[in-house]
Amino acid sequence: MHKKTINIKSLTIIAMLAAISTVLMFLSFSIPLFPTFLKLDFSEVPALIAAFSLGPFAGVSVVFIKNLINLLFTSSGGIGEFANFLIGSFFVFSAGLVYQKFKTRKGAILSMTVGTIIMSIVGTVANYYILMPLYTLIMPIDSIVNMFKSINPYANTMLKIMFMTIAPFNLLKGFIVSLITFLIYKKLSPIIKRIAY
């Protein structure tokens with residue numbers, strides 16, 4: 001009975017964090033030096049908090065739920081949500097996995113650094129081999145390349161786009177999300193643990 005109660009409480013926390021994550025995903029915004037369709041949001045912050053406090057799979061669950069809800073309002077035919085789920089899941093799962101082994105301040109920094117690097121690598125590879133080919137189903141490849149070239153004239157091939165735009169964007173996003181999480185997790189952690197356990 002006690003274990004069942006803990007599971008219900010954990011599911012409740014995951015649902016709450018997923019709701020916050022969903023709202024934060026709606027509040028995405030463009031940043032200078034990147035194409036306007038590459039939008040930054042802080043929706044992985046609640047997912048990271050879930051991964052740290054309840055485990056890596058809890059973090060992935062938050063990423064899944066917020067993308068499932070945002071799929072109802074998609075403007076990319078679901079490709080953007082699929083991309084966000086794929087890349088975000090690798091980020092929070094890897095960070096959560098490392099943190100489970102090193103639950104210290106330094107461990108948190110290490111875990112988010114590892115998560116950011118993995119997210120950037122996965123994001124680059126997935127965009128090159130999966131996501132960009134999917135986008136060419138709804139938009140000519142020349143149009144895609146031109147959107148990147150309008151920001152950086154040197155990003156004139158798909159491979160250059162990956163290394164000059166996609167990888168730096170994911171590194172920047174990982175850094176910002178990690179910094180916010182680092183600043184607020186310590187304050188939220190005792191509250192989450194009291195509710196969950």
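## The largest pocket

The largest pocket in this predicted model has a volume of about 970 Å³. A pocket here is an open set of points on a 1 Å grid over the protein atoms alone, with protein on both sides within 12 Å along at least five of seven lines, and lining residues have an atom within 4 Å of a point. Grid points are joined across faces, edges and corners, and the volume is the space filled by probe spheres set on the points. Of the 33 lining residues, Phe37, Lys39, Ser76, Gly80 and Tyr135 are the closest to the centre of the pocket.

Which helices supply at least two residues each of the lining? They are α1 (2–26), α4 (79–101), α5 (105–135), α6 (141–149) and α7 (158–196). Helix α4 gives the largest share, six residues. Helices (H or I, at least four residues) and strands (E, at least two) are DSSP runs, numbered from the N terminus. By class, the lining has 17 nonpolar, eleven polar and five charged residues. In this scheme Ala, Val, Leu, Ile, Met, Phe, Trp, Tyr, Cys and Pro count as nonpolar, Asp, Glu, Lys and Arg as charged, and the others, Gly among them, as polar.

## How to read the values

Residues are numbered from 1 along each chain as its sequence is written, and side-chain values use heavy atoms, with hydrogens and water left out. The model is predicted, and local features need pLDDT of at least 70, side-chain atom pairs count only at pLDDT 80 or more, and totals for chains, interfaces and linings use all residues.

A search of the whole structure finds two salt bridges, each defined as a side-chain nitrogen of Lys or Arg within 4 Å of a carboxyl oxygen of Asp or Glu. In one of them, the side chains of Glu44 and Lys66 meet at 3.0 Å, N to O. Glu44 belongs to helix α2 (residues 44–54) and Lys66 to helix α3 (residues 56–70), so this pair ties together parts that are 22 residues apart in sequence.

Glu44 also forms a salt bridge with Lys173, where the closest N and O atoms are 3.1 Å apart. Because Lys173 lies in helix α7 and Glu44 in helix α2, this pair ties together parts that are 129 residues apart in sequence.

## Helix α2 and two positive phi values

Ten of the eleven residues of α2 are buried, so this helix is largely enclosed by the rest of the structure. Among the buried ones are Glu44, Pro46, Leu48, Ile49 and Phe52. Just after α2, Gly55 takes a positive phi of about 115°.

Most residues other than glycine have a negative phi. Leu33 has a positive value, near 75°. Leu33 sits in the loop between β1 (29–30) and β2 (39–40), and it counts as exposed because its relative accessibility is 73%.

Helix α4 holds Glu81, which is buried yet has no salt bridge. The nearest side chain of opposite charge is Lys66, 9.5 Å away; Lys and Arg count as positive and Asp and Glu as negative, while His and the chain ends are not counted. Leaving aside residues up to four places away in sequence, Glu81 touches Asn67, Asn70, Leu71, Thr74 and Ser76, where contact means heavy atoms within 4.5 Å.

Asn67, in helix α3, is buried, with a relative accessible area of 4%.

Helix α5 includes Asn127 and Ile130. Asn127 counts as buried at 8% relative accessibility, whereas Ile130 counts as partly exposed at 38%. Not counting residues up to four places away in sequence, Asn127 touches Ile87, Met132, Pro133, Met162 and Ile166. On that basis, Ile130 touches Phe82 and Val125. The C-alpha atoms of Ile130 and Ala83 are separated by 9.1 Å, and these two residues are 47 residues apart along the chain.

Terms used: 1 Å grid on protein atoms, 1.4 Å probe; cavity = no way out; pocket = protein on both sides within 12 Å on 5 of 7 lines; lining within 4 Å. Buried < 20%, exposed > 50% of the residue type's maximum accessible area, 1.4 Å probe, protein only.
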